[in-house]
Every structure is written in C-alpha cells, then in structure tokens.
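User: I want to learn how to read aromatic pairs in a model. Can you take me through a case?

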Amino acid sequence: MSLVRCDHCGAPLELADGTSTVRCGYCQKDQVVTAMMAAVERPAARPAASVERYTRGRPVLCEWRGRWWPATILAELPGGQYLIHYDGYSSSWDETVGLERLAARSARCRARPATGRSA
C-alpha cells in the first residue's frame, strides 16, 4: 500500500500496490496513479537509534506501511517518541512514532512539489 493524494480535493488515499487507478472516498473522483505523488525511496542508511535525536521543526523521513514519507518533527516526547506531521497532508495524519520509524532526510528523497492545496 502507498499513501497518495487526490488530485482533485487533496484528500489522502491508500493505493494498493500494482493498481493503476483509485477512487477518492471524499470527492468520488477516479485518480490515475501516474498523476499522483510518487512514493519516497527508502533511505540509503538509517541512523542508529542511540545516536540520533531530532528537534522540533527538523525535516525527516517517516516509515508508514513499508514506505518512507517526508515529515517534520512537531515535538519530542518522553520515552524516545516524536510527534510528527506528514508534509503536504492535514494534521489528522499527525502521529506519534519511535526512532525505529524515523530517518534523516537524504538527497534520495523525492517529494511532491507544493500545489497550494491543503488536505
């Protein structure tokens, strides 16, 4: 599964691997995969959990269902947890994650250009 964005309304959509179209549950528009956001490539190397510490506002990659997505640290929480925001998505997708799901952003990250729409 991949997390993609509706071209019409900007809503987040789950796209099953190998499918070529998906229907938005919000606006009911069919979307062609090639017109949507490409998934972020897996980072070349992950930081050691005991070494890396992220601060508020730092851009990172966050693993979600086997794929890496651009995100930003909103807060450092107790117990090595972080509140993150997925870049380009509404705050309803914000979540608390551990270090095992975070990596520093690398040059291999392919992010979708901003469209000016908010999800």
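User: How many aromatic pairs does the rule count here?

Analyst: Rings pair if their centres lie within 6.5 Å. In this predicted model, the count comes to two aromatic pairs.

User: Are the planes of Y54 and Y82 stacked or edge-to-face?

Analyst: Planes over 60 degrees apart count as edge-to-face. The Y54 and Y82 planes stand at 80°, with ring centres 5.7 Å apart, so this pair is edge-to-face.

User: Which parts does the pair tie together?

Analyst: Y54 sits in the loop between β4 (30–32) and β5, and Y82 in strand β7, so the pair links parts 28 residues apart in sequence. Both Y54 and Y82 are buried.

User: What about the rings of W64 and W93?

Analyst: Their centres are 5.7 Å apart and their planes at 80°, so W64 and W93 are edge-to-face. W64 belongs to strand β5 and W93 to the loop between β7 and β8 (95–98), so the parts tied together are 29 residues apart in sequence.

User: Why does W64 count as buried?

Analyst: Buried means under 20% relative accessible area. W64 has 10% relative accessibility, so it counts as buried.

User: Which residues have the most contacts inside the largest nonpolar core?

Analyst: That core has 15 residues, and Y54, C62, I73, Y82, I84, Y86 and L102 have the most contacts inside it. The elements giving two or more residues are β5 (59–64), β6 (67–77) and β7 (81–86).

User: What is C62 in contact with, beyond its neighbours within four places in sequence?

Analyst: Its partners include W68, W69, I84, Y86 and L102.

Note on methods: Residues numbered from 1 in each chain as written. Predicted model: local features only at pLDDT ≥ 70, side-chain atom pairs only at ≥ 80, totals over all residues. Heavy atoms only, no water. Core = buried A, V, L, I, M, F, W, Y, C linked by side-chain atoms within 4.5 Å. Buried < 20%, exposed > 50% of the residue type's maximum accessible area, 1.4 Å probe, protein only. Helix = DSSP H or I, 4+ residues; strand = E, 2+ residues; numbered from the N terminus. Contact = heavy atoms within 4.5 Å. Phe/Tyr/Trp six-rings, centres within 6.5 Å; stacked < 30°, edge-to-face > 60°.
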